[in-house]
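Visitor: Hi, could you walk me through this one? I'd like to start with the overall picture and then get into details.

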Amino acid sequence: MMIPRLTQLTYNQTNRSYNRFLLRMIVVLFCAVLSSFNHDIIAQNTTNSIISVDAKETSVADIFENIYKKYNIKIAYNSSDLKKIKIDEYKADNQHIDKIINELLTNTEYSFKHIGNQIVIYRDEAKKIEKKQERELPSREERLRLIVRDTIHYIDTVYLTKYETIQKIDTLRIVVKETDTVYIEKKPIIKTYKDLPTRKLIHNEQFSLKASYSQQMAILNFVNKDHPDDEFTNLLNETIDKISLRSFALNIDGTYNISDWDLSLGISYNSYKHNFSFERIEQDESYISLDTIDTYYDVDIITLDTTYYHIIDTTFIPRNIYKYNASSLNKVSYFGINAAVGYTFYRNHNIALYAKATAGIDILMRTKGKYLSEDASNRIIPLEKELLNKVKFTYGIGFGSKIALTEQLDFIPEIYYKHYCNSLSKNHHYQTKMNVLGIKLGFSYYF
């Protein structure tokens, strides 16, 4: 009798456990359904929210992002496209979300719609076509504004085709079709020689920078102001080539143009080279030297005359011979500061001719070579800076042209003469005068 009772108790306990498990499952399922229902309500309330927006100098994409952060309203859009739509200032207080988005997308190619619990921004082709038609259909006042009355000539005859197309032919041709599309074609305007702008109008009161290279011919002349026909002066002129084409100059000049006048200030590097060649044998005259080595006298016992005897030694002194043989390329370099005033006496649309006067200061930088001195025992000496004047004053004239390559770039060929006022050497008896003839090629850029 005990066993059936135990079995019955076990069955009752198992039945109660199963009922509790079933009850728990029903509660969990009910909570899940309730949560989904609440989520839909929340989503529905979210897309119908009343919000406020205050934005300045930003994009539509940034405004949508702030709405999501502040109100948790999901808005789907292409950020790269809406970043291009700029908003200077927008403000809305307690407005419906749909109204705010509609105002932000006004005059754009985008629209919006609700999909589930979010708002989707998309490109609206209908708005794009409408906007294009509005752009391609100007009003009658705008079409009349396209007509430039002082430059348009109308042909008296008006051609009306069966498509109701009106054509007006001149510098501007306006063709109006049934589709109300307006095409404006501009014919090329051919200017005559007189209509082209002159250089005077282009380069008046402008600053220009010129870089140039000069090939120079330097002419040297040695002069003795006290004795013009001095033998040593003639010897100096024989040792150095008077005319040398081995000289050059580099110039950088800044110029300001005022009408036909050019005011310039610049720097230069000048290099002069001359051949030095001296070959000679110089000797002294030979002579005989007489030396008395003994003197005595003798007395004649009969006549009592006294006779003096001198013993003399004769010595032959030979002549001294000096041989000189030297050849070198002498080089003298100067750093110059130059000023010039130029006047343009002729010009047309791409060429201008000018004359100018220059003045400057040249400062000695470097010397190299050999020099001839007056000392017979040491005729050939190195050419040192101490033998030359370190500062020299110059003046000159020049003639050239400006050839326009572009509106701001000129090619400038020029010939010029330059004279060194003071002597190149420090010796005040033997002065070295130098004159320079040069051909200059350069480019000038106008700012």
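This is a predicted model: local features need pLDDT of at least 70, side-chain atom pairs count only at pLDDT 80 or more; totals for chains, interfaces and linings use all residues.

Visitor: How many helices and strands does the protein chain have?

Guide: There are eight helices and 20 strands, taken as DSSP runs (helices H or I, at least four residues; strands E, at least two) numbered from the N terminus.

Visitor: And how much of the protein chain is buried?

Guide: Of its 447 residues, 30% count as buried. Buried means under 20% relative accessible area, exposed over 50%, and partly exposed in between (1.4 Å probe, protein chains only).

Visitor: Which residues have the most contacts inside the largest nonpolar core?

Guide: Tyr 272, Tyr 334, Leu 372 and Met 434 do, in a core of 24 residues. A nonpolar core here is a set of buried Ala, Val, Leu, Ile, Met, Phe, Trp, Tyr and Cys residues joined through side-chain atoms within 4.5 Å.

Visitor: Which elements give two or more residues to it?

Guide: Among them are strand E9 (207-224), helix H8 (231-239) and strand E14 (321-347). The largest share, four residues, comes from E14. Another core, of 23 residues, lies apart from this one and includes Ile 51 and Leu 82.

Visitor: Switching to helix H2, which of its residues are buried?

Guide: Val 60, Ala 61, Ile 63, Phe 64 and Ile 67 are the buried ones. Seen down the axis, they fall within an arc of 165°, so they line one face of H2; the arc is that of the directions from the helix axis to the C-beta atoms.

Visitor: What's exposed on the other side of H2?

Guide: Lys 69 and Lys 70 are exposed there. H2 is followed by Asn 72, whose phi is positive, near 60°.

Visitor: Last topic: how many aromatic pairs are there?

Guide: The structure holds 10. Rings of Phe, Tyr and Trp (its six-membered ring) pair if their centres lie within 6.5 Å; planes under 30 degrees apart count as stacked, over 60 as edge-to-face and the rest as tilted. Phe 248 and Tyr 269 make a tilted pair, 6.2 Å centre to centre with 50° between the planes.

Visitor: Which strands do Phe 248 and Tyr 269 lie in?

Guide: Phe 248 lies in strand E10 (residues 243-258) and Tyr 269 in strand E11, so the pair ties together parts 21 residues apart in sequence.

Conventions. Residues are numbered from 1 along each chain as its sequence is written. Side-chain values use heavy atoms; hydrogens and water are left out.
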